[in-house]
Amino acid sequence: MMGYWFLGACVLEFFLMGYDKRQARRGGRRVAELTLLSLALLGGAAGGVMGMYAFRHKTRHWYFRWGLPAMLALHIGLLWFRWEYGIAPL
C-alpha cells in the first residue's frame, strides 16, 4: 500500500515540476515551492528529482538540489526498513 502511495506522489510531483516550468516560461500562475517540497516530503521525492533534471527546473535552488535527493534517500531507507523487518506489506 505504501509503495502505491510513493508511486502516485512521484508521478504527481514529476508532472507538477513540468507544469511549473511551463508556467514559468509563459509567465503564468506558478506552483508554490512549498507545495513542491511538501509533496516531495510526503513521498514524491523521486519524481521531483527526475522532474528537476528532465525539465531543468529548480536546479539552482539549493533546497531543491540538495533537499530532494536527501528526501529520496530518506524514502528509500524507509521502504528498505519496512521491507527488511516486515512491518507492513508494501
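Student: Is Leu68 buried or exposed?

Tutor: Leu68 is buried, because its relative accessible area is 0%. Buried means under 20% relative accessible area and exposed over 50%, with partly exposed in between (1.4 Å probe, protein chains only). Bear in mind that this is a predicted model, where local features need pLDDT of at least 70 and side-chain atom pairs count only at pLDDT 80 or more, while totals for chains, interfaces and linings use all residues. Residues are numbered from 1 along each chain as its sequence is written, and side-chain values use heavy atoms, with hydrogens and water left out.

Student: Which element is Leu68 in, and what is it in contact with?

Tutor: Leu68 sits in helix α4. Helices here are DSSP runs (H or I, at least four residues), strands are E runs of at least two, and both are numbered from the N terminus. Leaving aside neighbours within four places in sequence, Leu68 is in contact (heavy atoms within 4.5 Å) with Met17, Leu37, Ala40, Ala45, Gly48, Val49, Met52 and Tyr63.

Student: How far is Leu68 from Leu34?

Tutor: Their C-alpha atoms are separated by 13 Å, and the two residues are 34 apart along the chain.

Student: What about His75, buried or exposed?

Tutor: His75 counts as buried, because its relative accessibility is 7%. Helix α4 holds His75. Not counting residues up to four places away in sequence, His75 touches Phe6, Ala40, Leu41, Gly43, Gly44 and Ala45.

Student: What span should α1 have, and what does the model give?

Tutor: Helix α1 covers residues 2–26, and its 25 residues should span 36 Å at 1.5 Å a residue. The expected span is 1.5 Å times one less than the number of residues. The end C-alpha atoms of α1 are 36 Å apart, which agrees.

Student: What comes just after α1?

Tutor: Gly27, which takes a positive phi of about 75 degrees.

Student: Which residues have a positive phi without being glycine?

Tutor: Arg56 has a positive phi of about 50 degrees, and Lys58 has one of about 65 degrees. Most residues other than glycine have a negative phi. Arg56 is found in the loop between α2 and α3 (62–65), and Lys58 lies in the loop between α2 and α3 too.

Student: Are they buried or exposed?

Tutor: Arg56 is exposed, with a relative accessible area of 69%. Lys58 counts as buried at 9% relative accessibility.

Student: Zooming out, how many helices and strands are there?

Tutor: The chain has four helices and zero strands, in the pattern α-α-α-α along the sequence. Its C-alpha trace spans about 50 × 25 × 20 Å along the principal axes.

Student: How much of the chain is buried?

Tutor: Of the 90 residues in the chain, 34% are buried. Among contacts with a separation of 6 or more, 66% are between residues 24 or more positions apart.
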